[in-house]
Amino acid sequence: GNAFPSLRTDNLGAAVHSPEDGWANPQLVLQGLRRKAESLGVRYIADEVVGFEVQGRLAKAVSLRSGARFAAPAFVVAAGPWSGRVCALAGIRTPIGPMLRYDFDFEIDVALEPLPFIKDWARVAFRPSGAG
């Protein structure tokens, strides 16, 4: 039988149900990671990377908009959808960039069973959240 009676499944070619999977709010995860890092002594600097000093294939230092320069044995680019732009400053081409996405929250007047995260080939996705 259909584990989700409110979903039409007669038109599915294939499906995967992974009930152990979950999702997290990226902003809350980021805030938690930042708090933990700061508790371990990490210091965050509000600035903008404007260039790298590169020797061969290695980035040796980073220059910031404020004029500050930091040398390090390694760098991690964690600029989200702007990581491609930051990597380009070091001469590295990556296919990373921002994507346009629309989010809609809605509620219905009908009680439904707990639904899973649903995503189709057209990149339309939905999941339960709170009362919606």
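This is a predicted model: local features need pLDDT of at least 70, side-chain atom pairs count only at pLDDT 80 or more; totals for chains, interfaces and linings use all residues.
Residues are numbered from 1 along each chain as its sequence is written. Local features need pLDDT of at least 70, side-chain atom pairs count only at pLDDT 80 or more, and totals for chains, interfaces and linings use all residues, while side-chain values rest on heavy atoms, with hydrogens and water left out.

The sheet is open and has three strands in the order β1-β2-β3, with antiparallel pairing. Strands here are DSSP runs (E, at least two residues), as helices are (H or I, at least four), numbered from the N terminus; two strands pair if DSSP finds at least two bridges between them. At the edges lie β1 (49-55) and β3 (69-71), each pairing on one side only. From one strand to the next, the twist averages 25 degrees (axes are lines fitted to C-alpha atoms, and angles run from 0 to 180 degrees between N-to-C directions). Between β1 and β2 (residues 58-64) there are six bridges, and Val 54 faces Ala 59 in β2.

Leu 100 counts as exposed because its relative accessibility is 67%, where exposed means over 50%, buried under 20% and partly exposed in between (1.4 Å probe, protein chains only).

Gly 13, in the segment before α1 (26-39), is likewise classed as exposed, at 81% relative accessibility. Gly 13 and Leu 33 are 20 residues apart in sequence, and their C-alpha atoms are 39 Å apart in space.
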